[in-house]
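Work through the exercises below with the sequence and the model in view. Each task is followed by a solution in steps.

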Amino acid sequence: MKIGKKEKSGQLYKAILQLRDEEECYEFFQDLCTVAELRSMEQRFEVASLLDDGMIYNDILERTGASSATISRVNRSLNYGTGAYAQLFARIKDKTP
C-alpha cells in the first residue's frame with residue numbers, strides 16, 4: 001500500500017534532500033532512526049541490490065540473513081513498486097567507473 005500525499009510529511013523528504021554528502025546523511029539517519037531501523041533499511045537495500053543483480057533467494061538469505069518474507073517483500077517492490085529502486089541502481093551504476 002502506498003502512502004497518500006496527505007498522509008506523508010513532505011518536510012522530512014525535503015530535509016533529506018538538503019543533506020550535502022554521505023557523512024551528513026549518515027549522521028542524520030543516526031539521529032532519526034534506531035540502530036535496528038537503520039540495519040533493517042540497509043538490509044532491505046542490500047537485498048534489492050542482490051535481486052537486481054539476479055541472485056536467487058537462498059543465496060540472498062545466506063549472504064544477508066534476511067528472512068524469506070523480507071526478500072519476497074523487497075522483490076515485490078522491485079517488480080510492482082514505484083520504480084525507485086531501479087532508478088537509484090541505474091544512477092549508482094552510471095557513477096561507477
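## Exercise 1: Asp52

Asp52 is found in helix H3. The model is a predicted one, in which local features need pLDDT of at least 70 and side-chain atom pairs count only at pLDDT 80 or more, while totals for chains, interfaces and linings use all residues. Residues are numbered from 1 along each chain as its sequence is written, and side-chain values use heavy atoms, with hydrogens and water left out.

Task: state how accessible Asp52 is and which residues it is in contact with, leaving aside neighbours within four places in sequence.

Solution.
- Step 1. Use the cut-offs: buried means under 20% relative accessible area, exposed over 50%, and partly exposed in between (1.4 Å probe, protein chains only).
- Step 2. Asp52 has a relative accessible area of 36%, so Asp52 is partly exposed.
- Step 3. Contact means heavy atoms within 4.5 Å. By this rule Asp52 is in contact with Leu78, Phe89 and Lys93, once neighbours within four places in sequence are set aside.
- Step 4. For Phe89, the C-alpha atom lies 8.4 Å from that of Asp52, and the two residues are 37 apart in sequence.

## Exercise 2: The chain as a whole

Task: list the elements of the chain from the N terminus on, and give the share of buried residues.

Solution.
- Step 1. Helices (H or I, at least four residues) and strands (E, at least two) are DSSP runs, numbered from the N terminus.
- Step 2. The chain has six helices and zero strands, in the order α-α-α-α-α-α.
- Step 3. Of the 97 residues in the chain, 14% are buried.
- Step 4. Take the contacts between residues at least 6 apart in sequence: 36% of them join residues at least 24 apart.

## Exercise 3: H3 against H4 and H5

Task: describe how H3 crosses H4 and how H3 crosses H5.

Solution.
- Step 1. Axes are lines fitted to C-alpha atoms, for helices over the stretch in contact, and angles run from 0 to 180 degrees between N-to-C directions.
- Step 2. H3 (residues 35–52) and H4 (residues 57–64) have axes that come within 10 Å and cross at roughly 145 degrees. On the H3 side, the contact is made by Gln43, Glu46, Val47, Leu50 and Leu51, and on the H4 side by Tyr57, Ile60, Arg63 and Thr64.
- Step 3. Sort these residues by kind: Ala, Val, Leu, Ile, Met, Phe, Trp, Tyr, Cys and Pro count as nonpolar, Asp, Glu, Lys and Arg as charged, and the others, Gly among them, as polar. The contact of H3 with H4 then divides into five nonpolar, two polar and two charged residues.
- Step 4. The axes of H3 and H5 come within 9 Å and cross at roughly 65 degrees. Here Gln43, Arg44, Val47, Ala48, Leu51 and Asp52 of H3 meet Thr70, Ile71, Arg73, Val74, Asn75 and Leu78 of H5. The division for H3 with H5 is six nonpolar, three polar and three charged.

## Exercise 4: The largest nonpolar core

Task: name the residues of the largest nonpolar core and find which element gives the most to this core.

Solution.
- Step 1. A nonpolar core is a set of buried Ala, Val, Leu, Ile, Met, Phe, Trp, Tyr and Cys residues joined through side-chain atoms within 4.5 Å.
- Step 2. The largest one has ten residues: Val47, Ala48, Leu50, Leu51, Ile60, Ala66, Ile71, Val74, Tyr85 and Phe89.
- Step 3. Two or more residues come from each of H3, helix H5 (68–80) and helix H6 (84–95). H3 gives the most, with four residues.
- Step 4. Consider Ala66: not counting residues up to four places away in sequence, Ala66 touches Gln43, Val47, Leu61 and Ile71.

## Exercise 5: The cysteines

Task: explain why Cys33 is too far from the closest cysteine sulfur for a bond.

Solution.
- Step 1. A disulfide is a pair of cysteine sulfur atoms within 2.5 Å.
- Step 2. The closest cysteine sulfur to that of Cys33 is in Cys25, 9.9 Å away, which is too far for a bond. The structure holds zero disulfides.
- Step 3. Compare accessibility: Cys25 is partly exposed at 28% relative accessible area, whereas Cys33 is buried at 15%.
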